[in-house]
Amino acid sequence: MAPGSVKKIQERGTNFQLMENVQRFQAAIKKYGVPEEEIFQTADLFERRNIPQVTLCLYSLGRTTQHHPEYNGPTLGPKMAEKNVREFTEEQLRAHNAELNLQMGYNKGASQSGHGGFGNTRHM
């Protein structure tokens, strides 16, 4: 976030006026690019209801700064992944089809046929 992103900061006042500081911060980070689902609720911070959500929001802000080239300060959290498009030839794609897909498992012909479905016991 750039200096001045939060236009007005209340240093004293009622709880309502002080909570407006948090709301202005939330509006600024949303405009900066922090995903809305990662922004904490005002009460999460002001009333200490959900500090882990506040922490998540700060890490999200740290990640978001990595997409802003004008920011050259320290980073918070892991480096963001960059787009890595891969192009495969038709030959490479066909070669993959000949391989045994072990991700789905290979059980040498064993199956659950005859099992009878959920809840049934296996009769031996």
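Trainee: Which residues does Thr64 touch, not counting residues up to four places away in sequence?
Mentor: This is a predicted model, where local features need pLDDT of at least 70, side-chain atom pairs count only at pLDDT 80 or more, and totals for chains, interfaces and linings use all residues. Residues are numbered from 1 along each chain as its sequence is written, and side-chain values use heavy atoms, with hydrogens and water left out. Contact means heavy atoms within 4.5 Å. On that basis, the residues touched by Thr64 are Tyr32, Gly33 and Val34.

Trainee: Is Thr64 buried or exposed?
Mentor: Buried means under 20% relative accessible area, exposed over 50%, and partly exposed in between (1.4 Å probe, protein chains only). Thr64 has a relative accessible area of 9%, so Thr64 is buried.

Trainee: In which helix does Thr42 lie?
Mentor: Helices (H or I, at least four residues) and strands (E, at least two) are DSSP runs, numbered from the N terminus. Thr42 is buried, with a relative accessible area of 12%. The element that holds Thr42 covers residues 42–46 and is helix 2.

Trainee: Which side chain is joined to that of Thr42 by a polar contact of 3.2 Å?
Mentor: A polar contact is a pair of N or O atoms within 3.5 Å; within protein, one must be able to donate a hydrogen and the other to accept it, and residues adjacent in sequence count only if both atoms are side-chain atoms. Leaving out residues up to four places away in sequence, Thr42 touches Met19, Val22, Gln23 and Gln26. The side chain in the polar contact with Thr42 is that of Gln26.

Trainee: Leaving aside neighbours within four places in sequence, with which residues is Phe40 in contact?
Mentor: Phe40 is one of the residues of the largest nonpolar core. With those neighbours set aside, the contacts of Phe40 are Val22, Phe25, Gln26, Leu45, Gln53, Val54 and Cys57.

Trainee: How many helices does the protein chain have?
Mentor: From the N terminus on, the elements run α-α-α-α. There are zero strands, and the number of helices is four.

Terms used. A nonpolar core is a set of buried Ala, Val, Leu, Ile, Met, Phe, Trp, Tyr and Cys residues joined through side-chain atoms within 4.5 Å.
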